[in-house]
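Trainee: Can we go through this one together? I would like to ask about single residues and then move on to other parts.

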Amino acid sequence: MNPLITLRVPATSANLGSGFDAIGMAVSLYNIFKVMELRPEGEYEVEAHGEGCRELSSPKANLVIVAYEETCKRWNVKGPGFSLWCHNIIPLCRGLGSSAGAVVAGVLIAKYLTGYEAGEDELLRAMTVIEGHPDNVAPCYLGGMVVSCWDGQDLRYVNLPALPPEVLCVVAVPDERVKTSDARKALPKEVPFGDAVFNVGRAALLTAAWATGKWDYLKWGMDDKLHQPYRSKLFSGGEVIFSRVEALPECLSVAISGSGPSVIALVKGTTHRVAEAMCRTFTEHGVRSQFFVLDGSAQGARVDISMELKEALEAVNSPAGPSSEISAARAGEQGTANKAGGCR
Ligand SMILES: Nc1ncnc2c1ncn2[C@@H]1O[C@H](COP(=O)(O)OP(=O)(O)OP(=O)(O)O)[C@@H](O)[C@H]1O
Ligand SMILES: N[C@@H](CCO)C(=O)O
């Protein structure tokens, strides 16, 4: 059966050190979501593969569906239920924006299943309200490197130029999870004035250096005193990994990716020594890890709408609802609800 809607969303690395809650970049690792068929309002099925497939197979626990429902409520529109097929490559709770990818997908599905006329600004606002901060959802939706500011109601955002091909992102992902909500609880309620001033300068330098290609300034520009000193204690090896990786001349800069525990290094030149130093640090602290060498100029969310969507929406919105014969035949083709395959 052809999907009615196919979405591809990139992973994102937020903060980049100094840009807490404001700066983020899309990287070339993608989740795929497919809306396979429509169902009556409030009825969902999920077939999840890959990362977290067991926990994400329950519609109630699946953030794509939660975000879809919240968006319909925000826009005060009724949307049909649907069966969702997902292939998740982005590791969960590792600081690579898995939740943002799910939120972006849920909001976009709401747009296409309800026909609500939301432009780019409203889509990004709806995504930010659900995620709580814009620095993952903005690059996930728009692609590339994005600077964004959110006051709880309005959002301003600017895309910076993409990383040049000679600068790559090495991301080491340890085999332990840190939920963003826990990583936020580890932050202090107040910070010394000097630390705030430190970060203003660093974040300004980061964006100016990025805009003008002064990559050698990243080591300064990505330095941070607002969150990394507190969060590096939350994962094994976090307190030593930076100094080891920064010592390598090919490493331009290193930061906790998002709320951690993954660590991202921007590298000019060969990547293997940086990847090896990161993974060795995790191994020495008793944690297995994997690494990815990623492109930091990834495209944002991509949506493909099938020709059959209009017809399917008309059928589900008709007073009789979807024909039970069609539903039965499609359920037979698709297999049982919540079927999980290729689980990791
Ligand atoms: N592909 C997905 N489909 C549905 N829900 C997802 C998916 N990926 C993540 N989630 C939800 O998001 C939660 C993880 O969000 P969390 O913000 O803690 O981590 P993260 O987004 O991976 O990291 P960070 O925000 O630091 O980049 C999961 O526990 C799950 O509830
Ligand atoms: N800015 C967010 C990104 C992770 O979602 C944080 O660091 O908590």
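Trainee: Arg 125: buried, exposed or partly exposed?
Mentor: Arg 125 is partly exposed, with a relative accessible area of 22%. Buried means under 20% relative accessible area, exposed means over 50%, and partly exposed is in between, using a 1.4 Å probe and protein chains only.

Trainee: What should I know about the model before we go on?
Mentor: This is a predicted model, in which local features need pLDDT of at least 70, side-chain atom pairs count only at pLDDT 80 or more, and totals for chains, interfaces and linings use all residues. Residues are numbered from 1 along each chain as its sequence is written, chains are lettered from A and ligands numbered from 1 in the order in which they are written, and side-chain values use heavy atoms, with hydrogens and water left out.

Trainee: Back to Arg 125. Which side chain does Arg 125 meet in a salt bridge?
Mentor: The partner is Glu 122, at 3.3 Å from N to O. A salt bridge is a side-chain nitrogen of Lys or Arg within 4 Å of a carboxyl oxygen of Asp or Glu. Glu 122 counts as buried, at 14% relative accessibility.

Trainee: How many residues apart are Arg 125 and Glu 122 in helix H4?
Mentor: They are three residues apart in H4 (residues 120-131), so about one helical turn separates them. Helices (H or I, at least four residues) and strands (E, at least two) are DSSP runs, numbered from the N terminus.

Trainee: How many salt bridges does the structure hold?
Mentor: The structure holds 16. Another one joins Arg 280 and Glu 276, at 3.2 Å from N to O. Those two are four residues apart in helix H11 (residues 272-284), again about one helical turn. Salt bridges that share partners also join Arg 74, Glu 122, Arg 125 and Asp 154 into one network.

Trainee: And Glu 37 and Arg 39, what do their side chains meet in?
Mentor: A salt bridge, 2.8 Å from N to O. Glu 37 is buried at 3% relative accessibility, and Arg 39 is buried at 13%.

Trainee: New topic. How many residues of strand E8 are buried?
Mentor: Six of the six residues of E8 (residues 251-256) are buried, so the strand is largely enclosed by the rest of the structure.

Trainee: Which strand is E8 joined to?
Mentor: Five bridges join E8 to E9 (residues 263-268), and the two run antiparallel. Two strands pair if DSSP finds at least two bridges between them. Ile 256 stands opposite Val 263 in E9.

Trainee: What do E8 and E9 form?
Mentor: A hairpin, with six residues between the strands. Gly 258 in the turn has a positive phi of about 55 degrees.

Trainee: Last topic. Which residues are around ligand 2?
Mentor: Among them are Ala 14, Phe 20, His 133, Thr 180 and Ser 259. A residue is listed if one of its heavy atoms lies within 4 Å of the ligand.

Trainee: Where do the polar side-chain atoms of Asp 21 lie relative to ligand 2?
Mentor: One lies 2.5 Å from a nitrogen atom of ligand 2. Asp 135 has a polar side-chain atom 2.6 Å from a nitrogen atom of ligand 2. An N or O atom in the side chain of Arg 184 is 2.6 Å from an oxygen atom of ligand 2.

Trainee: How much of ligand 2 does the protein bury?
Mentor: Taken alone, ligand 2 exposes 260 Å², and the protein buries 97% of that. Accessible areas come from the Shrake-Rupley method with a 1.4 Å probe; for residues, only the protein chains shown count as cover.

Key: Polar contact = N/O pair within 3.5 Å; in protein donor to acceptor, adjacent residues only side chain to side chain.
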